[in-house]
Amino acid sequence: MLKSLITLVICSWLLGCASTPSSVSYDPYESYNRINFELNEFLDKNLLKPIANGYVKVAPAPVRGRITNFFENIGYLNIILNDFLQGNVDHGLSGVTRVVFNSTIGIGGLHDVATAMNLPKRNEDFGQTLGVWGVGRGSYWYLPFFGPNTTRNIPNFLISIALSPLTYVGGQTFIATGVNAVNQRANLLRVSDLRDEVAVDVYAFTREAFLQRREFLIYNGNPPIEGIDDILNEDDDLLYEE
Amino acid sequence: MMNKIIWQLLLLQLPILAIAQNNDAIQPVTYLHQSLITVMQDQRDVSERLAFLEPIIQDNFDMPVIARVVSGRYWKTFSPDQQQQFIDILHQLSVQTYINQFDHFSDERFEYLESQNIRRNRQLIKTQLVRLDAPPISLDYLVHHSKDGAWRIISVIAEGVNDLSLRRTEYNTVLKDQGWHGLIAAIQKKIDNYNIKHQTKQ
């Protein structure tokens with residue numbers, strides 16, 4: 001069945017050459033991205049989401065929380081590196097302290113003791129670093145299996161894999177990656193349900209939410225307000241002053 | 001010396017408190033948040049909760065402006081009846097989404113952070129939803145001074161995702177391919193799914 005699916009996707013890509021043009025300028029590969037999106041949605045609906053739902057039923061929230069903490073802790077090196085690259089030395093050093101405390105007092109990262117010690121979890125990656133350095137976002141990509149991305153964020157792919165200890169555990173890499181994927185999917189069940197409930201074009205909704213969220217993270221939750229009402233200013237009737 | 005510093009700090013805080021208390025632009029956000037807490041704590045039937053929230057959304061969101069913006073250049077191609085139907089269906093979808101998302105209370109609270117002026121009749125109201133066992137959720141509201149004199153919400157920005165611009169891009173894709181009828185049908189299907197979900201729960 002997997003071979004048939006892959007054949008179908010490749011044929012769809014080839015046919016995509018003659019498909020309708022992109023609806024927005026920053027998604028020039030929209031026709032291909034939509035095919036990859038449908039593939040991922042199919043795999044999610046028929047494989048990952050059912051596994052995640054089953055996992056939620058058997059693993060209580062505190063257990064899932066510990067697994068989330070564990071994987072976030074071992075992946076934190078990427079965040080520390082990018083804090084330093086962005087010139088956030090204090091945050092980088094706090095990150096080091098956070099990992100040390102969570103790995104020791106937090107028993108191998110299972111418990112997030114650092115947040116209560118005023119060492120909160122941060123969210124950084126190399127794509128955000130490039131954004132801080134002024135590199136443009138580039139085009140939107142929707143990759144098979146890996147999901148939404150941008151040209152600017154693709155280097156982060158390779159860097160995060162290289163920096164993750166999971167990459168170097170030999171035969172256990174696949175199992176550990178699988179557990180992490182199921183756990184992350186379980187954490188996103190409510191968010192994906194909301195998306196499915198409100199979105200009339202799920203692909204476009206996912207793209208816009210992803211791109212806006214990336215901008216939010218680049219500014220560490222404090223984006224500039226300039227331009228925030230630009231779409232209102234396109235309509236002269238909405239530009240009235242008191 | 002220390003007393004002088006303390007007094008200066010207190011005096012600096014007073015204008016900020018005054019802005020918060022005297023800023024009418026915050027009112028629609030305050031009413032919405034108070035209503036959502038009520039809805040979360042409310043154990044009544046879903047139809048009663050819907051009936052409670054409907055006028056709150058009606059009064060505190062500028063749905064005609066929202067409808068106009070999210071339909072973009074297609075708005076002027078709608079007939080007056082189609083425009084009104086679009087406004088009404090967006091209102092229904094908003095109410096249903098809020099009822100569905102805020103359906104149980106776990107000691108959350110909304111916290112006002114600050115207001116920022118964007119232009120004379122628009123402000124950004126920054127708040128967050130504080131939860132007991134998870135990080136807070138950033139909730140910013142773009143509010144504007146409607147022509148009838150009231151401040152109303154025109155967009156909710158949750159963790160950086162601007163609802164207004166997201167829906168405009170999404171709805172314009174559907175309008176381009178399927179027109180007004182296609183978009184209305186797609187939104188109506190979402191509302192119908194919510195109603196089925198409520199009936200299943202009961």
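**View 1. Helix H4 of chain B, residues 63–71, is largely enclosed by the rest of the structure, because eight of its nine residues are buried.** Buried here means under 20% relative accessible area, with a 1.4 Å probe and protein chains only. The buried ones are B:Met63, B:Val65, B:Ile66, B:Ala67, B:Arg68, B:Val69, B:Val70 and B:Ser71. Helices are DSSP runs (H or I, at least four residues), strands are E runs of at least two, and both are numbered from the N terminus.

This is a predicted model, where local features need pLDDT of at least 70 and side-chain atom pairs count only at pLDDT 80 or more, while totals for chains, interfaces and linings use all residues. Residues are numbered from 1 along each chain as its sequence is written, chains are lettered from A and ligands numbered from 1 in the order written, and side-chain values use heavy atoms, leaving out hydrogens and water.

**View 2. In chain A, helix H2 (residues 30–58) meets helix H10 (residues 202–218), their axes coming within 11 Å and crossing at roughly 105 degrees.** That makes H2(A) and H10(A) roughly perpendicular (65 to 115 degrees). H2(A) brings A:Glu30, A:Asn33, A:Arg34 and A:Phe37 to the contact, and H10(A) brings A:Val202, A:Tyr203, A:Thr206 and A:Arg207; contact means heavy atoms within 4.5 Å.

**View 3. Chain B has six helices and five strands.** From the N terminus, its elements go α-α-α-α-α-β-β-β-β-β-α. Of its 202 residues, 51% count as buried.

Terms used. Buried < 20%, exposed > 50% of the residue type's maximum accessible area, 1.4 Å probe, protein only. Axes fitted to C-alpha atoms, helices over the stretch in contact; angles between N-to-C directions. Parallel < 35°, antiparallel > 145°, perpendicular 65-115°, else oblique.
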